Amino acid sequence: MHFDSPASRRFALIALAIAVAGLLAFGVAGVARGANVHFADVRYFFVAGVLASTGVSPYDHAAFTAAAVQWGLGPEIDLFAYPPHSLVLCVPLSWLPIDASRWAWTLVNIGILVGTAWAMALRYEHRVGVQRREPGPSAAALWIAAIIIGNPFAAHLIWTAQTGLMVLCCVLLAWHFDKRGRWLLAGVLMGLATFKPHLSLLVLSWFVMTGSWRVVAVAMATVALLLLFALVQIGPDVVPQWLGASWAYEKQFTGSLSYN
């Protein structure tokens with residue numbers, strides 16, 4: 001059976017359907033999740049957006065905890081360690097009721113996961129030179145989508161409402177567009193990926209070492225533009241406040257979470 005034969009495409013479609021069902025069951029419906037909080041990380045973005053929109057720093061843990069209690073999100077909420085230019089993303093989430101924000105971010109994350117599967121399929125086809133035998137995605141693209149969407153950790157990221165999928169998608173698409181000479185779009189995407197520096201700085205360093213200066217310059221300009229909101233709304237102290245919160249977060253979690 002040829003890898004891109006009609007039979008292979010049918011098997012790939014079945015695998016993709018199973019992957020989607022697993023994602024919805026374990027990542028959205030919460031099958032076997034026990035007492036885990038549904039879409040827990042949105043609480044952090046919501047509270048950070050509420051504080052930032054009123055000019056209060058979300059890196060003040062006392063203020064952050066007090067706001068979480070006020071909105072009924074629990075006193076056990078941890079430090080907010082995302083960089084200040086990410087607050088532009090948090091503020092729109094605070095405009096919605098918290099439950100609506102959770103579901104909105106879940107839908108965004110599912111869309112991002114689909115975009116990630118598409119980006120990785122494009123990258124694979126570009127590298128190996130896949131020739132489609134019929135219209136639509138190749139069997140290889142369908143198998144890649146099934147693997148990515150059906151990955152158990154993808155369901156975990158959807159359930160916890162993390163931003164790792166967004167950063168991964170931005171990095172993959174930036175790499176893809178850079179290979180096609182679309183440096184402006186690649187730079188904007190890399191700037192957005194710096195919302196999680198520990199997931200994106202290695203790739204940004206790769207752009208530096210390969211001399212992709214236009215991508216790097218646009219990425220830095222994107223960061224600077226997004227940072228303006230935090231600087232104007234909270235003040236220039238927001239940057240050292242974030243560094244302090246990041247160091248405290250690292251000390252708090254390095255010993256308690258084995259994968260750190």
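Modeller: In this predicted model, Ala 140 is counted as buried because its relative accessible area is 6%, below the 20% cut-off. The residue belongs to helix 6, which covers residues 139-149.

Eleven of the twelve are buried, so helix 2 is largely enclosed by the rest of the structure. The buried set comprises Val 42, Arg 43, Tyr 44, Phe 45, Phe 46, Val 47, Ala 48, Gly 49, Val 50, Leu 51 and Ala 52. Among the elements covering these residues are helix 3 (61-70), helix 4 (87-94), helix 5 and helix 11. After helix 2 comes Gly 55, which has a positive phi, near 85°.

Leaving aside residues up to four places away in sequence, Phe 64 touches Tyr 44, Val 47, Ala 48 and Leu 51, together with Pro 58, Ile 77, Asp 78 and Phe 80. Phe 64 is also among the residues with the most contacts inside the largest nonpolar core, as are Phe 45, Val 47, Phe 80 and Met 190. That core contains 73 residues, and helix 8 (residues 164-179) gives the most to it, with ten.

Helix 8 in turn packs against helix 5 (residues 98-128), one of the elements that cover helix 2. The axes of helix 5 and helix 8 come within 9 Å and cross at roughly 35°, and the crossing is left-handed. Contributors to the contact include Trp 105, Ile 112, Trp 118 and Leu 122 from helix 5, and Leu 165, Leu 172, Trp 175 and His 176 from helix 8. By class, the residues of this contact are 14 nonpolar, four polar and two charged.

Helix 11 (residues 213-233), which also takes part in covering helix 2, contains Thr 222. Thr 222 is buried because its relative accessible area is 12%, again under 20%. Beyond residues up to four places away in sequence, Thr 222 touches Gly 187, Val 188, Gly 191 and Leu 192.

Key:
Residues numbered from 1 in each chain as written. Predicted model: local features only at pLDDT ≥ 70, side-chain atom pairs only at ≥ 80, totals over all residues. Heavy atoms only, no water. Core = buried A, V, L, I, M, F, W, Y, C linked by side-chain atoms within 4.5 Å. Buried < 20%, exposed > 50% of the residue type's maximum accessible area, 1.4 Å probe, protein only. Helix = DSSP H or I, 4+ residues; strand = E, 2+ residues; numbered from the N terminus. Contact = heavy atoms within 4.5 Å. Axes fitted to C-alpha atoms, helices over the stretch in contact; angles between N-to-C directions. Left-handed = near helix turned anticlockwise from the far one by under 90°. Nonpolar A, V, L, I, M, F, W, Y, C, P; charged D, E, K, R; others polar.
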